[in-house]
Amino acid sequence: MTAHRMNLHLVSDATGETLNSIARATVSQFEHAQIIYHRWSLIRTRFQLHRVLEGIEAEPGPVLSTLIEPGLRSELENFCSRIGIAVVHVLDPVLSLLQHHIGEQAIARPGRQYVLDADYFRRIDAMHFVLAHDDGQAQVGINEADLCLVGVSRSSKTPTSFYLANRGVKAANIPLVPGLPEPPGLEAPIVPVIGLTIDPEALIEIRRHRLKLIGGQPNVQQNTAYVDLESVKAELIWARRLCARKGWPVIDVTRRSIEETAATVLQLVEAWHERRRSLPPGG
């Protein structure tokens, strides 16, 4: 079956992240779609909207919108109706639902989710924490974290930590290296510790790519233990046994996106806290 080529316009009065997420989630369900994205962000004036309308007319395709301001919404709808283009305001069903249950009219003010509130500064603080505690740095401060990720080199600890930081979660991450003493921060942690593992072949590909980037030569060190299949298998087995001995849950990230890994991490952290809450006092 040939791919269906289609323009898709994402029109937002804020950063456009909501529309990007919705588009990715929905388009991924179609195997034969070739989508050309046209992203229009921070559209808050008629002048800015007119540039969008010109773009839609030049490359026609459905429109997904998160515009809140009534005048801009109306102009976008009228224009799309006139040229026969479908437009969907993706927030409307949820806003209607909440208005009905809360009994309050929505404010209709663009960018309200990006105000500099306590949640925003918590995310910034978490980002600084990850930078200070990435790859085993400042291990003495691990107990200030919300959680700690452990795993062998290149097992997605750092990207997962940064993704969690964007959710306001302070995640330390510590590498597990065979032959070295156990990291001091992991002797008696008071935060949940979660291991990340990966298929050895996939890990070798990631490591080879990393070596190419830092060395500039794709064949450098390809026969060392760092990318040797048997050595990598042994390294991963050692790390899993360490986690099992410590009672740390392990997530296989081989076929998971960073978002999926982070979601599983948060589930395991919640389970850890549930167990702690169920313990008798002093238990």
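Visitor: What is the relative accessible area of Leu98, and is Leu98 buried or partly exposed?
Guide: In this predicted model, Leu98 lies in helix H4, which covers residues 92–102. Buried residues must fall under 20% and exposed ones over 50%, so Leu98 counts as partly exposed, with a relative accessible area of 41%.

Visitor: Which residues make the nonpolar surface patch, whose area is about 370 Å²?
Guide: Leu98 can belong to such a patch because patch residues need over 30% relative accessible area, and Leu98 has 41%. The patch of about 370 Å² is made by Val94, Leu97, Leu98 and Ile102.

Visitor: How many disulfides does a search of the whole structure find?
Guide: A disulfide is a covalent bond between the sulfur atoms of two cysteines, and here the pair would have to lie within 2.5 Å. The cysteine sulfur closest to that of Cys148 is in Cys243, at 10 Å, which is too far for a bond. Cys148 is buried at 0% relative accessible area, and Cys243 is also buried, at 3%. The number of disulfides found in the whole structure is 0.

Visitor: What is the phi of Leu42, a residue that is not a glycine?
Guide: Most residues other than glycine have a negative phi. Leu42 is found in the loop between strand S2 (33–40) and helix H2 (46–58), where it is partly exposed at 45% relative accessible area. Its phi is positive, at about 55 degrees.

Visitor: Near what value is the phi of Arg154?
Guide: Arg154 belongs to the loop between S5 and helix H6 (157–165), and it is partly exposed, with a relative accessible area of 35%. Although Arg154 is a residue other than glycine, its phi is positive, near 70 degrees.

Visitor: How many residues apart are Glu75 and Arg46, the pair that links distant parts of the chain?
Guide: The salt bridge between Glu75 and Arg46 has its closest N and O atoms 3.1 Å apart. Glu75 lies in helix H3 (residues 70–83) and Arg46 in helix H2, so that the pair spans distant parts of the chain, with a separation of 29 residues.

Visitor: By about how much of helix H7 are Arg208 and Glu205 separated?
Guide: Arg208, which is partly exposed at 31% relative accessible area, forms a salt bridge with Glu205, the closest N and O atoms being 3.6 Å apart. Because the two are 3 residues apart in helix H7 (residues 200–215), their separation is about one helical turn.

How values were computed
Residues are numbered from 1 along each chain as its sequence is written. This is a predicted model: local features need pLDDT of at least 70, side-chain atom pairs count only at pLDDT 80 or more; totals for chains, interfaces and linings use all residues. Side-chain values use heavy atoms; hydrogens and water are left out. Buried means under 20% relative accessible area, exposed over 50%, partly exposed in between (1.4 Å probe, protein chains only). Patches are made of residues with over 30% relative accessible area and no salt bridge: like charges are joined within 9 Å, nonpolar side chains (Val, Leu, Ile, Met, Phe, Trp, Tyr) within 5 Å. Accessible areas come from the Shrake-Rupley method with a 1.4 Å probe; for residues, only the protein chains shown count as cover. A salt bridge is a side-chain nitrogen of Lys or Arg within 4 Å of a carboxyl oxygen of Asp or Glu. Helices (H or I, at least four residues) and strands (E, at least two) are DSSP runs, numbered from the N terminus.
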